[in-house]
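Here is a short report on one structure. Please look at the sequence and the model, then read on.

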Amino acid sequence: MLSLKGVVAGYGGGSVLQGVDLECAPQTITCIVGPNGAGKSTVLRVISGLLKPSSGEISMNGEAIADRSPDEILRRGITQVPQSHALFPTMSVRENVLMGGYLIRKDRALLRERLDMVLERVPIVATRANDNAGNLSGGQRRMVEIARCLMLDPKLILLDEPSLGLDPRSLAGVAGLINELNQAGTTVLLVEQNVRLGLGLATHGVVMEGGKVRLTGTATAIKDDPEIASLYLGGASGSSPGGPSSGGPSSGGPKTETTSV
Amino acid sequence: MTHLVQAIALGLLIGGVYALMASGLTLIFGVMRIINIAQGAFLILVAMLTWWLWHETGIDPILASVVTTPLMFGFGWVAYRLLLSRIRGSSASMSVLLTFGFALVIEGILNITAGNKFKSATPSYFEESFRVGGVSLPKAQVFGFLAAMAVLAVLYFVLTRTWTGRAIRAATQNPSGAALVGVGAASTAALAFAIGTATTGVGGSILSVLYPFFPASHYDWISRLLGIVVLGGMGSLPGALIGAGILGLAETLTATYGSLNWSTLVFYIVIMVVLLFRPQGLFGAKLREDTV
């Protein structure tokens, strides 16, 4: 569905991404993990068109999108929920969600239909409809941000650290919503610092380091990888931090990714 | 007592006109972080154009805004595309330099074409007043106020009830959030600049009747307008309305109970005192967090 090949991108002079290869299969949840500065969020910004790659290919269902503007990428069914600061603070919750349908504003019937769908899926949009988005709590805001991106009925949702700053209860709500959306057929690509939570939610995992993809595999395989366990999950049982288990083509097992700069 | 009511009534009438003039400036700053120093020159340009239309055809100067407003909308749109779009992403101080230069060019052109002398449009009702229970309200002030309120109502409607307005507000509050939902930054900015400039179409026509003007009057006007916008909170439309009301009242009350010479000074004292306590102006964001 989504494919990145040798993507190089950065801000100003330097390149944050130094040749990223990545695949998302339809209806999967892929979670990107990695240390700070690995380029996780930058991958999402490059896909949504907020940042132009300096080289490499990005395609969605076979169509190249690397040179498209953010609104053209939105029209192809890719929406992004950034880490924070996504809402319009002095607009009401309802208006914020409506703005998610900016690109379909001319089709009033469709807009109405989508709004009803969103109201049903994300109840807080109905209960806090007339409150200013700036007065919501962190968890409520995150729900509204996700609700807003549903207005375009996306095929692929990009989520940047959905757990950031949320209490456990809000977290469960957000995770539940992500699962529901995925079961309804939406493909999800998320970036998560909370590795346990992210990989727990995901079907597939991607480990990034220094602007490159280091490992890919199923979420379970990544979680069970001894090195990942020791690096991010606070140590795994009896494993030595050796190199990544460059296992053969055992289906689903983690495999090292050869990335070219 | 009558003096007080008279001063307050006049202050509010003038404040309404100031509000219209400042609304465009604050809108442009809110969306683009452009401090449009040329807004005063736009007003004088329109006042000159209105005076000329009135002088040549006898059309009512305030009604002439039906002609000047769409003209200024187009003027603003072209000015943004040709000139201001080039400094997108630069600091606000760059916009001050560019628009100050723009203002000087307009002033120079007006000096050459219209001459460096005071003008004032004087329609038939120029010296007439409405009398409401002992209070006398000059007709020109009343008509100017009504025109200003009508335009502000339309502006409010556009900003809150149309997709264009929502896009402008979204881009004002959160540019990257707006880009994420597909609001094009460039086209929104051009529209906001055009709308902000179009307010000078009505503002300038009203100005031509209420105040004598000459090409260099724009310095006086831009300092008043900036004062209003800073007092209200840069980028805040309600702030501009309240700031304009305060300027209007400060002027008329000082002129009534003190001296005409002090009327503008009092307003600047008010600004300084307010900024000591609220550096973000009266309508700085009061949210859980400054940005969401």
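The axes of H1 (residues 2-32) and H5 (residues 139-161) of chain B cross at roughly 40° and come within 8 Å. Axes are lines fitted to C-alpha atoms over the stretch in contact, with angles from 0 to 180 degrees between N-to-C directions. Helices are DSSP runs (H or I, at least four residues), numbered from the N terminus.

This is a predicted model: local features need pLDDT of at least 70, side-chain atom pairs need 80 or more, and totals for chains, interfaces and linings use all residues. Residues are numbered from 1 along each chain as written, and chains are lettered from A and ligands numbered from 1 in written order.

## Where they meet

Residues of H1(B), including Leu10(B), Gly16(B) and Ser23(B), meet residues of H5(B), including Gln141(B), Phe145(B) and Leu155(B). Contact means C-beta atoms, placed from the backbone, within 7 Å. This contact has 13 nonpolar, 4 polar and no charged residues. Ala, Val, Leu, Ile, Met, Phe, Trp, Tyr, Cys and Pro count as nonpolar, Asp, Glu, Lys and Arg as charged, and the others as polar.

## Chain B against chain A

Chain B gives 19 residues to the contact and chain A gives 24. On the chain B side, H6(B) supplies the largest share, 6 residues. That side divides into 10 nonpolar, 6 polar and 3 charged residues.

Definitions and conventions. Helix = DSSP H or I, 4+ residues; strand = E, 2+ residues; numbered from the N terminus. Contact = placed C-beta atoms within 7 Å.
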